[in-house]
Amino acid sequence: MAERAQYEELLRQFSAFGAVKRELRRILPSDCPSGSAAVLTLLGRHGAMRMSKLSELLSVDMSVTSRHAAHLAERGWIDRSPDPADKRSRILHLTPEGVALLEELSERTAQLLADRLGDWSDDEVAQLIVLMTRLRASFDDCRAPARLPPPTLAPTTRTPANT
C-alpha cells in the first residue's frame, strides 16, 4: 500500500488535472458546453436511452439531464420521443446532425491529445489508459455510501443511574 505522502501528491495531481479539463472544454463549440458534450458522448456510445438512464450514467439529477436534453434538442442534435413502454418517459437519440457534431468533437479531442502527448511513447499512452481505467473502476459507484467501520465508543467512567 502506498504511503500517505504518495496519496497527498496524488491528490495534488488530481487538483491540477483541472487544467487538462479546461483545455478540453476550450475546444468545444461555444454552443456546446461540456455537459451537453457528455450527453452526446453517452448517446453515441450507448445508443438511444431513457432520460432516467442518462441521468444515472451522468450521475446527476433528472432536472439537470432535462436541461441538457432541451439544449441539445433546440439545436437539432438529439430527438426526444415518447417511450412506447411508458408514455410519460422520453427516449433520447442522436440526430444525423448530432452524430456529425459528435464526430467533430471526437476529431478535435483526438487532435488535442495527439498534440499534447506527441512526445509520449505508445507504451506510455497505453499505460496511462490502463491506470486511468483501473482508477475509474476503483471509484465506479461513487454514489454508494462509503462503507466506514462502525464508530468505536470511548470507555466511560460514568455509572448508570439506579432506578
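How many salt bridges does the count come to? The count comes to nine. The structure is a predicted model.

## Salt bridges within helices

Helix 4 (residues 51-58) holds both Lys53 and Glu56, which are three residues apart, about one turn of the helix. Their side chains meet in a salt bridge (3.7 Å, N to O). Lys53 is partly exposed at 37% relative accessibility, and Glu56 is partly exposed at 44%.

A second pair lies in helix 6 (residues 96-116), where Glu104 and Arg108 are four residues apart, again about one turn of the helix. The salt bridge between their side chains is 2.6 Å, N to O. Glu104 is partly exposed at 33% relative accessibility, as is Arg108 with a relative accessible area of 32%.

## Network around Arg50

Salt bridges with shared partners join Arg50, Asp83, Asp86 and Arg88 into one network. Within it, the side chains of Asp86 and Arg50 meet at 3.8 Å, N to O. Arg50 belongs to strand 1 (residues 49-50) and Asp86 to strand 3 (residues 86-94), so this pair ties together parts that are 36 residues apart in sequence. Arg50 is partly exposed, at 30% relative accessibility.

## Surface patches

A nonpolar surface patch consists of Met1, Tyr7, Leu10, Leu11, Phe14, Leu135 and Phe139, with about 800 Å² of accessible area together. Helix 1 (residues 4-16) supplies the largest share of this patch, four residues. Phe139 is in the segment after helix 7 (122-138) and counts as exposed at 54% relative accessibility.

Asp119, Asp122, Asp123 and Glu124 form a negative surface patch. Glu124 lies in helix 7 and is partly exposed, with a relative accessible area of 39%.

Terms used:
Residues numbered from 1 in each chain as written. Predicted model: local features only at pLDDT ≥ 70, side-chain atom pairs only at ≥ 80, totals over all residues. Heavy atoms only, no water. Patch = residues over 30% accessible without salt bridge, like charges linked within 9 Å, V, L, I, M, F, W, Y side chains within 5 Å. Areas by Shrake-Rupley, 256 points an atom, 1.4 Å probe, with all protein chains shown as cover. Salt bridge = Lys/Arg side-chain N within 4 Å of Asp/Glu carboxyl O. Helix = DSSP H or I, 4+ residues; strand = E, 2+ residues; numbered from the N terminus. Buried < 20%, exposed > 50% of the residue type's maximum accessible area, 1.4 Å probe, protein only. Lys, Arg positive; Asp, Glu negative; His and termini not counted. Charge placed at Lys NZ, Arg CZ, Asp CG, Glu CD.
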